[in-house]
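Welcome! Let's look at this structure together and see what lies behind some of the words used to describe it.

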Amino acid sequence: MPLFLNTRPRRPITGKLAVLLAGCLLLAGCGRAASSGSAATIQPKPNSQRRTVAYDQMEIGEANGPELAQKLRDLAGQVDSMESLDQLLEAEEALNSELEVFSTSSSLAQLESYLHSSDENARQRSQEFSVQGEEVSQAVSDYLRAVMDSHLAEAYRADAGTYVAAQMDKQLASSDPVALEPLQRRAELDSEYNQLLSNLRVEVNGEERRMEEVLNDPDISMEDFYTAIGDYYLGNYQQFADIYLEMIALDKQAAAACGYDDAAQWRYDWYGRDYTPDDAREMFKEIKTWVVPLLAENASSSAMSQSLSLEEGVDAVETLLADTDSRLAEGWNFLTEYGLYSLEPAADKQSGIGFTTSLAAYDAPFIYTYWGDTLDDAFTLIHEFGHAMDDYTQFGNEAHSTDLDKCETFSQGLEQVLRDRLANQLGADAEGVRVAIQSNMLQVITYQAALEEFQLEAYELDENADAEDLGRLYSQVLAEYGYYTIFGEMDPSWFEITHLFDSPFYTVSYVTSATAALELGRMEDEEEGAGLEAWLQLLRTDRNQSFESFLQSAGIASPFEKGRIRECAEFLESQLSGGGMEYAA
């Protein structure tokens, strides 16, 4: 059962910058094909079988990664003596329960470090789990390799199914014991990065403030604003560049240990993707041709800045879900009953981020956001609820690994299909909300593509590259995607994009899933309820199949299909211009 964090993508900042929190993947357990009656659908087990308790009663278990890794190695050594597949799977299932506890404890420790960002003990405990998680992940791969080299390999593959077997092959290809040391060092650096970032402050008129507060302060003078921007980014980028450049070097070491010449391809296989960095580059060319030009004519709307308190927003979301679909209402009631979300702001809570994580041992997801009292926060909650429903529905139908493209389709897609309903529920300007949401989608596609290309190019920089090389590269890539930066030819603000550190090469999944989400939005606009039904169809679809096949189950084309990016651009143009709904389906 994988541990994942998923976040809502934000638009790039030309004058002000937003924070992104990326996810991390901890492979814990060797998943099997869904056991439902149909190979293409899933059916969750009854809630009565869940092990869920209230969040405040959940316990962070012992950080026993080394012991757990040894148990996996011991089991690997016993595979050849197993007489049957059933005997092996029984032993595997018993150990998988311990893996779930470790995975869940890691998630809970990470949550605590964000809820209490200045608590050094919480940070150290989260880092301990993260570092140990690399050893556990490697031990899982070593166990799987032993199975695949045994007399039970053929039966194990057949039981897993074609897709899962192929994913296991990618897991083995992208894993090697020699890679463990650089990956553990990388995990330590990631913890150091998040600690530095969460406690970063800038002085404004003698007062230390978070940069997000400065960026969203309507009363700050332009002089103070630009002084703070310079002090914050130019004063801090060097230490973050040192961390990032070392991370790149460590990724290259790990990739080489696994037999890869290209660290980006290694990461793509590590995620279990069905496409390559070269496929992504071809898609980016199409984006630059068809989508980037729309930025110059991009409409704007202030609808999302409408004031909205936390209580009003939660009440509106709850009512909307109850009126829309019984499955959505059931999922929300489950989260509420067990306190499985943290939305309210707090002095010591890390701000500027929103994510959903899986608490596998409790058969439950958890949503984390930081409410800012605007309509946009309600859509952030809808986005994260899309992730939560994905996890909630998979109870009893665990996928082999977390497919980022599918995960982000659920979150971005739910925003699209509930866009008008939520606006109407809150008495907001529906037309203004539509323009704002689709403007954000336009920038998700362009900016997240830019971030992915920035990473691809950063990983190809000379080994002597420095902080200014990264800043120049970031400015160059932004310019290619039509973005203006106030920093000119050397933009240091990239260090605040946490995906680059936490989950390298995650960002392309925002782009691929955005194309699917837009198709869901088009369906909903053409016929009320059609996009929602397609989204629910995906929710019922087995995750253990390729992203392309997954989308096809709901009548959605692959983002890599010829002409698909142009179709998305045409739809976005019609939405932002207020024109008709002509669209090449």
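**Two loop residues and a helix pair**

In this predicted model, D373 is placed in the loop between β6 (364-368) and α14 (375-393).

Q: What makes N205 exposed?
A: Exposed asks for over 50% relative accessible area. N205 has 67%, and is therefore exposed. You can find N205 in the loop between β2 (202-204) and β3 (207-209). N205 is not a glycine, yet has a positive phi of about 55°.

Q: Why are α1 and α2 called roughly antiparallel to each other?
A: The label applies to angles over 145 degrees. Helix α1 (residues 65-78) packs with helix α2 (residues 85-115) at about 165°, their axes being 11 Å apart. The pair is therefore roughly antiparallel. As for handedness, α1 passes α2 in a left-handed crossing.

Q: Which residues make the contact between α1 and α2?
A: On the α1 side they are G65, L68, K71, L72 and L75, while α2 brings A91, E92, L95, E98, L99 and F102.

Q: How many residues of each class does the contact of α1 with α2 have?
A: There are seven nonpolar, one polar and three charged residues. Gly counts as polar, so G65 belongs to that class. Lys and Glu count as charged, so K71, E92 and E98 are charged residues here.

Key
Residues are numbered from 1 along each chain as its sequence is written. This is a predicted model: local features need pLDDT of at least 70, side-chain atom pairs count only at pLDDT 80 or more; totals for chains, interfaces and linings use all residues. Side-chain values use heavy atoms; hydrogens and water are left out. Helices (H or I, at least four residues) and strands (E, at least two) are DSSP runs, numbered from the N terminus. Buried means under 20% relative accessible area, exposed over 50%, partly exposed in between (1.4 Å probe, protein chains only). Axes are lines fitted to C-alpha atoms, for helices over the stretch in contact, and angles run from 0 to 180 degrees between N-to-C directions. Angles under 35 degrees count as roughly parallel, over 145 as roughly antiparallel, 65 to 115 as roughly perpendicular and the rest as oblique. A crossing is left-handed if the near helix is turned anticlockwise from the far one by less than a right angle, and right-handed if clockwise. Contact means heavy atoms within 4.5 Å.
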